[in-house]
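Look over the sequence and the structure before reading on.

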Amino acid sequence: MSSPAEFYHSLPPITKAYGTVCVLATAAFHLGLYNPIHIALLYERVFYGFQVWRLFTNLFFLGPFSINFGIRLLMILRYGVQLEKGPFDRRTADFLWMMIFGSFALLVLSAIPLLWSPFLAIPLVFMLLYVWSREFPNAQINIYGLVALKAFYLPWAMLALDVIFGSPLIPDLLGIIAGHLYYFLTVLHPLAGGKNILKTPMWVYPSSFLLLKHCRGQDLAMIFYCLVNDV
């Protein structure tokens, strides 16, 4: 049985980096280092106050430490890892591009007043879940030991559970829309004879390669250094 440190070091680079920053963001909040309002996605402050960082920082805040935070983090670790080690194995740049495209799609969708959400980390996690459910549609999932179903239906089951437990509907729905848009453009449309218009651009490859080279098997400090210095 591996230790927590060994498990952490075994994680693939993009999933490790994203999960690490999410944990650091919540830890910094609990230490009183910032107020979430200062990193929330407020478009009027982005465009009129030139607070451009809000377009990025909102993507890493999963909320305070809680059961819901733990569930979202486990979703990153499970579905992100299975995607990055499965369909995206040796395709680190493609996985990074999926995350970038998903973030951009969520920012655009959230600009619609009815779909606005101040933090897009949960939608981004839900996008991972949706893409995973399409890549492993026949996998058997057991929800809390009560309901067994195929992975294809898992995003909708999780959305229904969140509604039942009083969580907002919009973040989950945003993630499903972004995930379907990515899967349609990269898989379904090309299979139907269309052109893949969402190929990973060349500028993504150097960054993902260096992240894989420098951050695989490294500690939190190295992950943070790679992200902050864009190496």
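Asp94 counts as buried because its relative accessibility is 16%; buried means under 20% relative accessible area, exposed over 50%, partly exposed in between (1.4 Å probe, protein chains only). This is a predicted model: local features need pLDDT of at least 70, side-chain atom pairs count only at pLDDT 80 or more, and totals for chains, interfaces and linings use all residues. Residues are numbered from 1 along each chain as its sequence is written, and side-chain values use heavy atoms, leaving out hydrogens and water.

**Salt bridges**
- The whole structure holds 2 salt bridges, each a side-chain nitrogen of Lys or Arg within 4 Å of a carboxyl oxygen of Asp or Glu.
- Asp94 pairs with Arg91 at 2.8 Å, N to O.
- Arg91 is partly exposed, at 35% relative accessibility.
- Arg72 pairs with Asp162, with the closest N and O atoms 2.8 Å apart.
- Arg72 lies in helix α5 and Asp162 in helix α8, so this pair ties together parts 90 residues apart in sequence.
- Arg72 is buried at 4% relative accessibility, and Asp162 is buried at 8%.

**Helix α8**
- Helices (H or I, at least four residues) and strands (E, at least two) are DSSP runs, numbered from the N terminus.
- Helix α8 spans residues 154-164, and its buried residues include Leu154, Met158 and Asp162.
- The cover over these buried residues includes α5, α7 and α9, along with β1 and β2.

- Phe165 sits in the loop between α8 and α9.
- Phe165 is exposed, at 60% relative accessibility.

Technical notes: Contact = heavy atoms within 4.5 Å.
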